[in-house]
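Here's a quick briefing to read alongside the model. Have the sequence and the 3D view open as you go.

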Amino acid sequence: MTFKELMDAFYVNKHYNNNSIYAELLAQLKRDRITPVIGAGLSVWAGYPLWSSLIEDLSEGMPDEDVIKNYLSKAQYEKAASVLEESYGHDILIDMLIEQFSDRKLNEGIRPEYQKLLPELFKGPFVTTNFDVSLEKLLDAPFTINPQDTFHEEITLKKLQAYEHFLIKLHGTIEDPKHMVFTEESYNSAYGNGAENSDCDKPLPQQLKLIFQTAPPLFLGCSLSTDRTCKVFEKCNGAKGFALIELPKETVNSENPLKPSPVSKFLKSKSAYRAKEAKENTFFEDIQLVSKA
């Protein structure tokens with residue numbers, strides 16, 4: 001599959017297609033006005049689990065295993081995590097999460113090459129929902145902000161004005177387990193009651209709005225359909241965002257799996273698609289060239 005074939009997979013008209021969206025993304029990046037939002041998909045190289053596989057693994061053999069699997073089958077991960085917490089207890093679950101995302105798993109020698117470009121490509125804040133400290137290692141121990149606390153808003157503003165590397169850990173970290181957001185109750189506390197009822201006045205959504213108004217987000221390794229952060233962005237921010245996501249099923253070409261079938265008018269959000277890690281490399285190499293122009 002060539003990069004051109006990949007980009008041609010979405011086309012509505014000459015003004016609205018993958019190529020035009022991609023060009024817009026590169027133009028924003030050239031102005032240093034893109035905020036990378038890093039999801040679990042960009043930490044799997046280190047052996048860290050995705051949300052669904054993590055919950056399924058931790059629920060094995062538990063009395064409520066079938067209940068949890070039922071929630072997982074419906075992509076109701078927050079509810080599944082809440083049942084898991086009820087089974088183990090809060091403190092034991094946190095200890096298990098700390099172990100699952102331990103920095104002992106990190107081996108910089110196998111980090112994908114395209115990830116090593118991230119600090120060069122993005123000059124301002126990095127936003128992540130991940131518990132692990134992979135980004136802390138990559139960015140060489142940057143200043144870290146927990147946006148769930150109101151007093152961090154002033155710090156965020158000052159950092160945005162300086163527009164230098166700093167890290168925003170939306171859901172806490174293994175080094176800050178007090179602010180870990182994992183269960184439905186903790187998500188509701190951070191974002192408001194339910195994915196469709198986000199409270200845009202809470203500290204976390206307020207800080208996301210502040211950050212994304214300065215530089216729109218580029219979602220990398222995030223599940224756009226189930227990620228609460230994406231839903232909050234859609235409701236509270238009102239600005240444009242970008243994403244690299246898997247090719248949708250509508251593009252499947254059974255005769256030649258490496259050549260996607262073009263599609264149009266089925267997608268509401270503007271997204272530049274990716275298929276495999278090789279295409280991520282192409283994307284980052286292109287951005288690197290433009291950012292140095």
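Which residues in H3 meet which residues in H5? On the H3 side they are Trp 51, Ser 52, Ile 55, Leu 58 and Ser 59, and they meet Tyr 77, Glu 78, Ala 80, Ala 81, Leu 84 and Tyr 88 in H5; to meet here is to be in contact, with heavy atoms within 4.5 Å.

A word on the ground rules. This is a predicted model, where local features need pLDDT of at least 70 and side-chain atom pairs count only at pLDDT 80 or more, while totals for chains, interfaces and linings use all residues. Residues are numbered from 1 along each chain as its sequence is written, and side-chain values use heavy atoms, with hydrogens and water left out. Helices (H or I, at least four residues) and strands (E, at least two) are DSSP runs, numbered from the N terminus.

**Helix pairs**

- Two packed helices are described by the angle between their axes and the distance between the axes.
- H3 (residues 51–59) packs with H5 at about 25°, and their axes are 10 Å apart; axes are lines fitted to C-alpha atoms, for helices over the stretch in contact, and angles run from 0 to 180 degrees between N-to-C directions.
- H3 and H5 are therefore roughly parallel to each other, a label for angles under 35 degrees.
- The crossing of H3 and H5 is left-handed, meaning that the near helix is turned anticlockwise from the far one by less than a right angle, whereas clockwise is right-handed.
- Over at H11 and H13 (residues 228–237), the axes come within 12 Å and cross at roughly 25°.
- That pair, H11 and H13, is therefore roughly parallel too, but H11 and H13 cross in the right-handed sense.
- At this second contact, H11 brings Glu 184, Tyr 187, Asn 188 and Tyr 191 up against Arg 228, Thr 229 and Val 232 of H13.

**The two faces of H10**

- H10 (residues 152–162) has His 152, Thr 156, Lys 159 and Leu 160 buried, that is, under 20% relative accessible area, with exposed being over 50% and partly exposed in between (1.4 Å probe, protein chains only).
- Seen down the axis of H10, those buried residues fall within an arc of 100°, so they line one face of the helix; the arc is that of the directions from the helix axis to the C-beta atoms.
- An α-helix has 3.6 residues a turn, so residues three or four places apart point the same way.
- Turned away from the buried side of H10 are the exposed Glu 154, Lys 158 and Gln 161.
- The cover over the buried residues of H10 includes strands S4 (125–128), S5 (144–145) and S6, as well as helix H12 (203–214).

**Positive phi**

- Tyr 163 sits in the loop between H10 and S6 and counts as buried, at 14% relative accessibility.
- Ala 75 isn't a glycine either, yet its phi is positive at about 60°.
- The loop between H4 (65–73) and H5 (77–88) holds Ala 75, which is partly exposed with a relative accessible area of 30%.

**Around His 179**

- Look for His 179 in the loop between S6 (166–169) and H11 (184–191).
- His 179 counts as buried, at 12% relative accessibility.
- The side chain of His 179 makes a polar contact of 3.0 Å with that of Asn 146 and one of 2.9 Å with that of Asp 176; a polar contact is a pair of N or O atoms within 3.5 Å, where, within protein, one must be able to donate a hydrogen and the other to accept it, and residues adjacent in sequence count only if both atoms are side-chain atoms.

Notes: Angles under 35 degrees count as roughly parallel, over 145 as roughly antiparallel, 65 to 115 as roughly perpendicular and the rest as oblique.
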